[in-house]
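The sequence and the model are shown first, and the description follows.

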Amino acid sequence: MSGIIHAGEGGQLDQIPEALRTRAQWMGTRFAPRKDQPGKLDKPPYAVRWARRIVKADKNNPDNWATYEVAVAALHANKVDAIGYVLAEGDPFWVADCDGVVDPGTGEVNPNAADFIHAND
């Protein structure tokens, strides 16, 4: 199952690892309010390819993926709200989304989350 890692929604493009930037598995997204959850946003994937209209597209179809440079160009041109790397079967990468594990007052990482991170490093 594929997922998307987003940058541009407060994420810093300069913090994206080179190992991801060199792979042509990038898409854009346009934020849309969720009808059933006020205050929450949907982030549907959009294909961002050179010389083509930006359209909503299936993230599981590699034909819809672009290079990092093309995705960043679409972001800088305000054609999308954020860009994301598409995690695909066979990738050497994995991601764990650990919400709320950093104490905003101290910056300390929850010990259970820290153990998980270090065990899977």
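## Basis and overall layout

Residues 24 or more positions apart account for 52% of the contacts in the chain that have a separation of 6 or more, a contact being heavy atoms within 4.5 Å. The model is predicted: local features need pLDDT of at least 70, side-chain atom pairs count only at pLDDT 80 or more, and totals for chains, interfaces and linings use all residues. Residues are numbered from 1 along each chain as its sequence is written, and side-chain values use heavy atoms, with hydrogens and water left out.

The chain comprises three helices and seven strands, in the order β-α-β-β-β-β-β-α-β-α from the N terminus. These elements are DSSP runs numbered from the N terminus, with helices being H or I of at least four residues and strands being E of at least two. The C-alpha trace spans about 50 × 35 × 25 Å along its principal axes.

## Surface and charge

Of the 121 residues, 31% count as buried. Buried means under 20% relative accessible area, exposed means over 50%, and partly exposed lies in between (1.4 Å probe, protein chains only). The chain exposes about 8,200 Å², of which carbon and sulfur atoms supply 49%; the areas come from the Shrake-Rupley method with a 1.4 Å probe, and for residues only the protein chains shown count as cover.

There are 13 positive and 17 negative side chains, and the centres of the two sets lie 13 Å apart. Lys and Arg count as positive and Asp and Glu as negative, without His and the chain ends; each charge is placed at NZ of Lys, CZ of Arg, CG of Asp or CD of Glu.

Two strands pair if DSSP finds at least two bridges between them. Strand β2 pairs with strand β7 (residues 82-87) in the antiparallel sense over four bridges, and Y85 of β7 is the bridge partner of W26. With strand β5 (residues 45-47), β2 pairs in the antiparallel sense over two bridges; here G28 has Y46 as its bridge partner.

Strand β7 also contains L87, which counts as buried at 15% relative accessibility. The C-alpha atoms of L87 and G39 are separated by 26 Å, the two residues being 48 apart along the chain.

## Helix α2

Helix α2 (residues 68-76) has Y68, V70, A71, V72, A74 and L75 as its buried residues. After α2 comes N78, with a positive phi near 60 degrees.

## Aromatic pairs

The whole structure holds four aromatic pairs. Rings of Phe, Tyr and Trp (its six-membered ring) pair if their centres lie within 6.5 Å; planes under 30 degrees apart count as stacked, over 60 as edge-to-face and the rest as tilted. Y85 and F93 form an edge-to-face pair, because their ring centres are 5.9 Å apart and their planes stand at 85 degrees. Y85 is buried at a relative accessible area of 0%, whereas F93 is partly exposed at 27%.

The pair of W94 and F116 is also edge-to-face, because the centres are 6.1 Å apart and the planes at 85 degrees. W94 lies in the loop between β7 and α3 (111-119) and F116 in helix α3, so this pair ties together parts 22 residues apart in sequence. F116 is partly exposed at 38% relative accessibility. One aromatic cluster is formed by W26, Y68, Y85 and F93.
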